[in-house]
Amino acid sequence: MNQLSNRVAFVTGASRGLGRSISYTLGSNGAKICLVDIDEKAAHETAEEMKKDGIDVTYYIADVSVRSQVEQAVEEAVNKYGKIDILVNNAGVLRDNLLFKMSDDDWDTVMNVHLKGAFYCTRAVQKYMVENQYGRIVSISSTSALGNRGQANYATAKAGLQGFTKTLAIELGKYGITANAVAPGFIETDMTRKTAERIGVSFEEFSKNLSDTIPAKRLGQPEDIANAVLFFVKEESSYVNGQILYVAGGPAN
Ligand code: NAD
């Protein structure tokens, strides 16, 4: 079980949903967890629960779209744990709207959290990974990268993360660092509950309609994504670099 002992993981947006599950999975496999989020109450609660389960975890409050906050969190994490081996760029928000109704703020917020956030975190962390000649970077993209109605901003950001990932793989490969992305389909979290709310249907109805269209006939669970992340961050996955893994209960198209 302790495949990641002596590894330190920095996971953004980790206080709930996918980030929480990813942190739990990496922590249960022996990694020390630096949990990063803007939601202090939820971060504190999640960290306390993880500690009860024997995971070594510290939380940092930082908005990933603010460079100074990211750099401070990275510095504090390195001061505490001595290094960062694993970075998971997971923090994300939705500001869905059809193009003609999409505001500048809807666009900028999504670009800033997903793209600038991943850029700031990766740039700050790679320095320590290069020093140690070891690193695993996983960014959370989405099937929306292939295009999705009402998500011009989000689809662009998630496709951008795929280009970012491939470029990191090319630039950082020689330092023992891999960069990969997991692109989830519909996973049951607060984010998908809000989508159901926005389109005005109950989550049960939303979930049933959607499940019928998915080959696996169910929505994904956060653990489905956490297991894919675990694969990429294992030491043995050192030759898997620059890949995008769709985890969507069927082929994404
Ligand atoms: P969620 O809304 O449940 O959780 C997102 C977390 O990110 C929250 O804890 C939130 O506080 C944090 N966060 C938001 N903005 C932040 C910021 N600026 N700085 C730091 N933390 C911030 O979402 P989720 O469903 O768990 O999604 C996690 C990631 O997976 C996102 O990048 C999302 O786009 C992606 N994703 C989710 C799904 C899905 O179906 N749930 C599908 C594809 C991709």
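Student: Where does L172 lie?

Tutor: L172 lies in helix 5. Keep in mind that this model is predicted.

Student: Why does L172 count as buried?

Tutor: Its relative accessibility is 9%. The cut-off for buried is under 20%. L172 therefore counts as buried.

Student: What is L172 in contact with, leaving aside its neighbours within four places in sequence?

Tutor: The partners are Q126, V130, I137 and I177. Contact here means heavy atoms within 4.5 Å.

Student: How far apart are L172 and S141 in sequence and in space?

Tutor: They are 31 residues apart in sequence. From C-alpha to C-alpha the separation is 20 Å.

Student: What is A157 in contact with, beyond its neighbours within four places in sequence?

Tutor: A157 is in contact with V110, M111, H114 and L115. Take M111 from that set. M111 and A157 are 46 residues apart in sequence, yet 5.8 Å apart in space, C-alpha to C-alpha.

Student: Now helix 4. How do you know whether T122 is buried or exposed?

Tutor: T122 is found in helix 4, residues 104-132. Its relative accessibility is 3%.

Student: How far is V113 from A62?

Tutor: The two are 51 residues apart along the chain. Their C-alpha atoms are separated by 11 Å.

Student: On to the loops. Why is Q133 called partly exposed?

Tutor: Q133 lies in the loop between helix 4 and strand 5 (135-140). Its relative accessibility is 45%. Buried means under 20% and exposed means over 50%, with partly exposed in between. Q133 therefore counts as partly exposed.

Student: And what does K217 count as?

Tutor: K217 is found in the loop between helix 7 and helix 8 (222-233). Its relative accessibility is 53%. The cut-off for exposed is over 50%, so K217 counts as exposed.

Student: What are the phi values of Q133 and K217?

Tutor: Q133 has a positive phi of about 55°, although it is not a glycine. K217 has a positive phi of about 60°, and it is not a glycine either.

Student: Which residues of helix 7 are buried?

Tutor: In helix 7 (residues 203-213), F203, F206, S207, L210 and S211 are buried. Seen down the axis of helix 7, they fall within an arc of 125°, so they line one face of the helix.

Student: Why would residues three or four places apart point the same way?

Tutor: An α-helix has 3.6 residues a turn, so residues with that spacing point the same way.

Student: What do the buried residues of helix 7 pack against?

Tutor: They pack against helix 6 (190-199). The buried residues of helix 6 are T192, T195 and A196. These cover an arc of only 100° around the axis, which puts them on the same side of helix 6. They in turn pack against helix 7.

Student: Now the whole protein. How do you know that the radius of gyration agrees with a compact globule?

Tutor: With 253 residues, a compact globule would have a radius of gyration near 18 Å. The protein has 17 Å, which agrees.

Student: What share of the 253 residues is buried?

Tutor: Buried residues make up 50% of them. The protein exposes about 11,900 Å², and carbon and sulfur atoms supply 49% of that area.

Student: How many helices and strands are there?

Tutor: There are 8 helices and 7 strands. Among contacts between residues at least 6 apart in sequence, 72% join residues at least 24 apart.

Note on methods. Residues are numbered from 1 along each chain as its sequence is written. This is a predicted model: local features need pLDDT of at least 70, side-chain atom pairs count only at pLDDT 80 or more; totals for chains, interfaces and linings use all residues. Side-chain values use heavy atoms; hydrogens and water are left out. Helices (H or I, at least four residues) and strands (E, at least two) are DSSP runs, numbered from the N terminus. The radius of gyration is taken over C-alpha atoms; the globule rule is 2.2 Å times the number of residues to the power 0.38. Buried means under 20% relative accessible area, exposed over 50%, partly exposed in between (1.4 Å probe, protein chains only). Accessible areas come from the Shrake-Rupley method with a 1.4 Å probe; for residues, only the protein chains shown count as cover. The arc is that of the directions from the helix axis to the C-beta atoms.
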